[in-house]
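Subject: Structure handover and notes

Hello,

I am passing on the structure we talked about.

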Amino acid sequence: MIKNGNPFNTYQAKGKAPFVEFTDTPAAIGRTYYRVEVQGPIAAYPQVPGSMAVTGNMVGLSNPIYFNFDPNF
């Protein structure tokens, strides 16, 4: 879990239907964002040769989710 561009915490999801849940309080003033990075075993993708050299153990990545975002900022 990334918060405002910095590591926030690491969670492990295991089991048949893995999920992760966390709690945090964004700053009352200014915006805060969270982003999820999912890492796991390296898997080859034959359709994209050489992709493992670029992605490493990255399996997924979310867009940032903003809180207290002022669209006039």
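The notes below go through the sheet, the charged pairs, the aromatic rings and the pocket.

One caution before the details: this is a predicted model.

The sheet

The strands to start with are those of an open sheet of 4 strands, in the order β2-β1-β3-β6, with antiparallel pairing. Its edge strands are β2 and β6, each of which pairs on one side only.

Going along that order, β1 and β2 run antiparallel and are joined by 2 bridges. Here I2 stands opposite P7 of β2. Strand β1, residues 2-3, is also joined to β3 by 2 bridges, and this pairing is antiparallel. K3 is opposite Y34 of β3. On from there, β3 and β6 (residues 65-67) pair in the antiparallel sense over 3 bridges. Y33 has Y66 of β6 as its bridge partner.

In a regular strand, side chains alternate between the two faces of the sheet. Strand β3, residues 32-35, has a covered face with T32 and Y34, and an uncovered face with Y33 and R35.

I65 counts as partly exposed because its relative accessibility is 48%. Between I65 and V48 there are 17 residues of sequence separation, and their C-alpha atoms are 29 Å apart in space.

Charged pairs

Side chains of opposite charge can pair when their charged atoms come close. How many salt bridges does the count come to? The count is 2 salt bridges.

One of them joins the side chains of K3 and D24, with 2.8 Å from N to O. This pair links distant parts of the chain: K3 is in strand β1, while D24 is in the loop between β2 (6-7) and β3, 21 residues apart. D24 has a relative accessibility of 27%, so D24 counts as partly exposed.

The salt bridge between E37 and R35 has its closest N and O atoms 2.4 Å apart. Are these two residues buried, partly exposed or exposed? E37 is partly exposed, with a relative accessible area of 28%. R35 is also partly exposed, at 22% relative accessibility. R35 belongs to the uncovered face of β3 mentioned above.

Aromatic rings

A pair of aromatic rings is described by the distance of the centres and the angle of the planes. A search of the whole structure finds 6 aromatic pairs.

For Y11 and F22, the ring centres are 6.2 Å apart and the planes are at 35 degrees, so this pair is tilted. Y11 and F22 each lie in the loop between β2 and β3, so the pair ties together parts that are 11 residues apart in sequence. Y11 is partly exposed at 30% relative accessibility, and F22 is partly exposed with a relative accessible area of 29%.

The pair of Y33 and Y66 is tilted as well, because its planes are at 50 degrees, with the ring centres 5.5 Å apart. It links distant parts of the chain, with Y33 in strand β3 and Y66 in strand β6, 33 residues apart. Y66 is partly exposed, at 38% relative accessibility. Y33 and Y66 are thus bridge partners and also a ring pair.

Which residues form one aromatic cluster? They are F8, Y11, F22, Y34 and F67. Of these, Y34 is on the covered face of β3.

Rolling a probe the size of a water molecule over the atoms shows where empty space is left. The largest pocket has a volume of about 520 Å³. Of the 17 residues that line this pocket, the closest to its centre are M1, Y11, V36, E37 and V38.

The elements that give two or more residues to the lining are β4 (37-39) and β6. Which element gives the most to the lining? β4 does, with 3 residues. By class, the lining has 12 nonpolar, 4 polar and 1 charged residues.

Regards

Definitions and conventions:
Residues numbered from 1 in each chain as written. Predicted model: local features only at pLDDT ≥ 70, side-chain atom pairs only at ≥ 80, totals over all residues. Heavy atoms only, no water. Buried < 20%, exposed > 50% of the residue type's maximum accessible area, 1.4 Å probe, protein only. Pairing = 2+ DSSP bridges. Salt bridge = Lys/Arg side-chain N within 4 Å of Asp/Glu carboxyl O. Phe/Tyr/Trp six-rings, centres within 6.5 Å; stacked < 30°, edge-to-face > 60°. 1 Å grid on protein atoms, 1.4 Å probe; cavity = no way out; pocket = protein on both sides within 12 Å on 5 of 7 lines; lining within 4 Å. Points joined across faces, edges and corners; volume = space filled by probe spheres on them. Nonpolar A, V, L, I, M, F, W, Y, C, P; charged D, E, K, R; others polar.
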